[in-house]
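This briefing concerns a predicted model. Please consult the sequence and coordinates shown below alongside the points that follow.

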Amino acid sequence: SPSPNQVLLTPEGTIAGARVRTFLLEKRRVAAPPPPRERNFHVFYMLAARAAGSLLPAGRTAQSFRCLACADADADADAAGHAVQLDELVAALRQLFVPEEAQAAVWRLLGAILLLGEVTFDQEEGQGGAARPARPEVLRAAEEAFGCPGLGALLTAQEMPSPRGSSTYSIALDAKRAAAARDSVQ
């Protein structure tokens, strides 16, 4: 029986397309720390091992990222192996003729996702419990990595249409809802 996922090739053997019939989105796996004795997606550990160029802060280990921290003590010990795996992945992308600029965009996006995972929120006192970033510099780094300077405002407020539909107004989110918004972006 045919596989539910297929790579389609031309008669010359080049990739012409693909069919994916089964797709599993694991939002919780990206956004939250992994369960005990499990890891997040391997590419994130590869990026952390190389500190993703100038995108990620130098000297950070996989365990220092909230969405990569796990009970697996070997996660950081595997850094050399992850760096080699990243080299192999880059070589494979070259073999598939993925342009360098497209690869750079993928690394920037994955690095931005890691940085966004570091954004946490506190509740403001006396302003209806509105969320505010616990460390604004971390939010600024994520905004810069995504190229979206207004990301913080999008995570801490929700635009609502007025009952008459002629305008919109903004509702401040609490820290729990802001974190849920962050996780849905991540």
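**Helix H4 and its surroundings**

In H4, the buried residues are His82, Ala83, Leu86, Val90 and Leu93. Seen down the helix axis, these buried residues of H4 fall within an arc of 105°, so they line one face of the helix.

**Exposure and dimensions of H4**

- Ala80, Glu88 and Gln95 are exposed on the other side of H4.
- H4 comprises 17 residues and reaches 24 Å from its first C-alpha to its last, close to the 24 Å expected at 1.5 Å a residue.

**Packing of H2 against H4**

- The axes of H2 (residues 42-50) and H4 (residues 79-95) come within 8 Å and cross at roughly 105°.
- The two helices, H2 and H4, are therefore roughly perpendicular to each other.
- H2 contributes Val43, Tyr45, Met46, Ala49 and Arg50 to the contact, while H4 contributes Ala79, His82, Ala83, Gln85, Leu86, Asp87 and Leu89.
- Classified by residue type, the contact of H2 with H4 has eight nonpolar, two polar and two charged residues.

**Helix H5**

- H5 (residues 100-117) has 18 residues, which should span 26 Å at 1.5 Å a residue; its end C-alpha atoms are 26 Å apart, in agreement with that expectation.
- The buried residues in H5 include Gln103, Trp107 and Leu110.
- Gly111, Ala112, Ile113, Leu114, Leu115, Leu116 and Gly117 are also buried in H5.

Technical notes. Residues are numbered from 1 along each chain as its sequence is written. This is a predicted model: local features need pLDDT of at least 70, side-chain atom pairs count only at pLDDT 80 or more; totals for chains, interfaces and linings use all residues. Side-chain values use heavy atoms; hydrogens and water are left out. Axes are lines fitted to C-alpha atoms, for helices over the stretch in contact, and angles run from 0 to 180 degrees between N-to-C directions. Helices (H or I, at least four residues) and strands (E, at least two) are DSSP runs, numbered from the N terminus. Angles under 35 degrees count as roughly parallel, over 145 as roughly antiparallel, 65 to 115 as roughly perpendicular and the rest as oblique. Contact means heavy atoms within 4.5 Å. Ala, Val, Leu, Ile, Met, Phe, Trp, Tyr, Cys and Pro count as nonpolar, Asp, Glu, Lys and Arg as charged, and the others, Gly among them, as polar. The expected span of a helix is 1.5 Å times one less than its number of residues. Buried means under 20% relative accessible area, exposed over 50%, partly exposed in between (1.4 Å probe, protein chains only). The arc is that of the directions from the helix axis to the C-beta atoms.
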